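Thanks for making time for this. Could you bring up the sequence and the structure, so that we can go through a few side-chain contacts together?

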Amino acid sequence: MDTTPPASSGLLGSLRTLGADAIAAVKDRLALFSLELQEEKYRLIQVVIWISAAAFAGTMAIMFASITLVYFFWESARLAVLGGLTLFYTAALVVILIAFRRYLARQPRPFDGVLEELTEDEKCIRGKN
């Protein structure tokens, strides 16, 4: 008696194994994508909270400092102080915007881990280890 399974079940078994491996790989990549998406969400929430707190505190400090300065020079150089404050705040805004753009440029691309894993998967499938 022949105990070997028929060739078609061997092919069918191989296809099942291949399908199960493909599903497992997709599942792993989706889990990694989900983790990175959650990290990006937390990072975005933190950035929004920090920016809001800094904007509020900065606005209050600038407002009260400006009011105090204008009040101090009310009789002698009110317009000069107001013009100087306007120039100063405009320059500060430009510096802040430039620094923020540099900060954003230094941030890692979202989902880099997923893209690297997919690239590695593609190399393995093509046989280019």
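I will take the salt bridge, then the aromatic rings, and then a helix end.

This is a predicted model, in which local features need pLDDT of at least 70 and side-chain atom pairs count only at pLDDT 80 or more, while totals for chains, interfaces and linings use all residues. Residues are numbered from 1 along each chain as its sequence is written, and side-chain values use heavy atoms, with hydrogens and water left out.

If a salt bridge is a side-chain nitrogen of Lys or Arg within 4 Å of a carboxyl oxygen of Asp or Glu, the count comes to 1. Glutamate 40 and arginine 43 form a salt bridge, at 2.9 Å from N to O, and they are 3 residues apart in helix H1 (residues 7–72), about one helical turn; helices here are DSSP runs of H or I with at least four residues, numbered from the N terminus. Glutamate 40 is partly exposed at 21% relative accessibility, where that term covers what lies between buried, under 20%, and exposed, over 50%, with a 1.4 Å probe and protein chains only.

Turning to the rings, phenylalanine 100 and tyrosine 103 have centres 6.2 Å apart and planes at 20 degrees, so they are stacked, given that rings of Phe, Tyr and Trp (its six-membered ring) pair with centres within 6.5 Å and that planes under 30 degrees apart count as stacked, over 60 as edge-to-face and the rest as tilted. Both residues lie in helix H2 (residues 78–106).

Lastly, just after H3, glycine 127 takes a positive phi of about 80 degrees.

Notes
Helices (H or I, at least four residues) and strands (E, at least two) are DSSP runs, numbered from the N terminus.
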